[in-house]
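Here is a short briefing on one protein structure. Take a look at the sequence and the model before reading on.

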Amino acid sequence: MSVGTHPTFENSPSGTVLTSPPDGSAVDRATEAARRVVDALLRTDRGNANLDRVAEELNSIAEHLEEHAPAVAERLIDMWNGEGVTRHDPVTGPENALAPPVVLEGLSDGSVRGTVTLTIPYQGPPGHVHGGVSALLLDHVLGVANAWGGKAGMTAQLSTRYHRPTPLFEPLTLTGKLMSVDGRKITTVGDIRTADGEVCVSVEGLFVDKTVPRPR
């Protein structure tokens, strides 16, 4: 399936940003504050912090937000209007507190690249990234790489190889590139590397030329 007006390496310059970076809006600032809270809750001294007060204040904030939340079906329509998933997905979305968020750019060779430093909320083994988080990041990177390559599809298979533990608290480079198209089948590869170029995780994804309709 063609990606329509989405930027591709054939019609856009190298370095084109393919995701929505935080823009300083109130919702982006609130989301970043939520990320800080999650990180701080995991790091705080449970013996000294007043967690009863924290729970009370966080519940008050949640109640305020829930009072202003429309029905889920209505919110989904709004989410997918315009930029859609690029502001709400759990990898690059600046409005999603689960996202680091990663900013991805397209390069002239058809690949996409981004850097991210992951912290305690993404921990699996001590001091290292959870393997499921690595797979999540790369699945999304490959999807963006497909669009940059002029195609789009849904993940049918993600073959993941873990070469070494992926460190927390260090810059990581994420890359992806569409390699081939065979009818409706799209093959894309990617990896996560440390700052010195060591491959921590590599993937090969099989995507199928199919999409889920946007909510209306």
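The points below cover a helix, a pocket and a serine. Keep in mind that this is a predicted model.

**Helix α1**
- Helix α1 runs over residues 26-43, which makes 18 residues.
- At 1.5 Å a residue, α1 should span 26 Å.
- Four residues of α1 are named as buried: D28, T31, R35 and D39.
- Viewed down the helix axis, the buried residues of α1 fall within an arc of 80 degrees, so they line one face of the helix.
- A26, R29 and R36 are exposed, and they sit on the face of α1 turned away from its buried side.

**The second largest pocket**
- The second largest pocket holds about 960 Å³ of space.
- Its lining is made up of 27 residues. Closest to the pocket's centre are A30, T31, A34, I61 and L65.
- Three helices each give at least two residues to this lining: α1, α2 (51-67) and α3 (72-79).
- Helix α1 supplies the largest share, with ten residues.

**Residue S12**
- S12 lies in the segment before β1 (16-17).
- Is S12 buried or exposed? Its relative accessibility is 18%, and buried means under 20%, so S12 counts as buried.
- The side chains of S12 and N11 are joined by a polar contact of 2.7 Å.
- Beyond its neighbours within four places in sequence, S12 is in contact with P7 and W148.

Technical notes
Residues numbered from 1 in each chain as written. Predicted model: local features only at pLDDT ≥ 70, side-chain atom pairs only at ≥ 80, totals over all residues. Heavy atoms only, no water. Expected span 1.5 Å × (residues − 1). Buried < 20%, exposed > 50% of the residue type's maximum accessible area, 1.4 Å probe, protein only. Arc of directions from axis to C-beta. Polar contact = N/O pair within 3.5 Å; in protein donor to acceptor, adjacent residues only side chain to side chain. Contact = heavy atoms within 4.5 Å. 1 Å grid on protein atoms, 1.4 Å probe; cavity = no way out; pocket = protein on both sides within 12 Å on 5 of 7 lines; lining within 4 Å. Points joined across faces, edges and corners; volume = space filled by probe spheres on them.
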